[in-house]
Amino acid sequence: MVSNAFSLLYLCFRVYELNSCFSLDPCTLEPNQKKMNQPQLWKDTGAVSLSFDDGSASQLEIAVPTLNQFGLYATFYINPRTETDLAPWREVGLSGHEIGNHTVSHICSRNFGWSNQKSLETTSLAEIEDDILLAEQHLRNLLPEQTERTFCYPCYQNHVGEGLYRQSYVPIVAKHFPAARGTDVPLRRSRGVDSRCE
Ligand SMILES: [Zn+2]
């Protein structure tokens, strides 16, 4: 079990290294915040946060018990769909882990090739905000004890529309959440596109 735990932690750290998750996403910060926040966040002690996306069964079966065994806490960004059995996540939240908002529909760029799903390119700011707030409503019903939560951008992408009509939805997230997590490293790696901080 110990070796499993270390494997899990090693995997987590690798994921964080890849996804630049040791801090608030620099792409969501204004230029002056980039100068101010990173030194302040890392000053003296530094910080590491653990997060898991999408609420997979393996997180309930392996990650949560392992974290609990070693007294570690993480954020689980789930997509609270009505047809999903969310009850186990209530227990996870009550045990001290953060249950984060990852939207209901998990809309990503069509560049990922999931052609049968709605894409960010055809989504409006109003639609993405509705999806975020619907998830928030479900999470509040699930776990009213948790009064505040963070947000994770699905596929680590923070825009809607395309071309002349491409818009950041960072301001919408900033309106509803104290912090958000995201990076576009997976997309850049898979497509050879350098879209960082667009
Ligand atoms: Zn996700």
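**Notes on the predicted model**

1. From the N terminus on, the elements run α-α-β-α-β-α-β-α-β-β-β-α-β-α. That order comprises 7 helices and 7 strands. The model is predicted, not experimental.

2. Across the 198 residues of the protein, 28% are buried. Among contacts with a separation of 6 or more, 69% link residues 24 or more positions apart.

3. Strand β2 (75-78) runs parallel to strand β3 (residues 98-101), and 4 bridges join the two. Within this pair, T75 stands opposite E98 in β3. To get from β2 to β3 the chain passes through α4, and this β-α-β crossover is right-handed.

4. The largest nonpolar core holds 28 residues, of which F76 and I99 touch the most other members. Elements that each supply at least two residues of this core are α3 (57-69), β2 (75-78), α4 (87-94), α5 (125-142) and β4 (151-152). The largest share, 4 residues, comes from α5. As general background, nonpolar side chains in soluble globular proteins tend to be buried together.

5. Which residues is I99 in contact with, leaving aside its neighbours within four places in sequence? They are F76, I78, W89, V92, G93, L139, L143, Q146 and R149. F76, included in that list, is the residue named together with I99 for touching the most other members of the core.

Key:
Residues are numbered from 1 along each chain as its sequence is written. This is a predicted model: local features need pLDDT of at least 70, side-chain atom pairs count only at pLDDT 80 or more; totals for chains, interfaces and linings use all residues. A nonpolar core is a set of buried Ala, Val, Leu, Ile, Met, Phe, Trp, Tyr and Cys residues joined through C-beta atoms within 7 Å. A residue is buried if 20 or more other C-beta atoms lie within 10 Å of its own, exposed if 12 or fewer, and partly exposed in between; C-beta atoms are placed from the backbone. Two residues are in contact if their C-beta atoms, placed from the backbone, lie within 7 Å. Two strands pair if DSSP finds at least two bridges between them. A crossover is right-handed if, with the strands pointing away from the viewer, the path from the first strand over the helix to the second runs clockwise.
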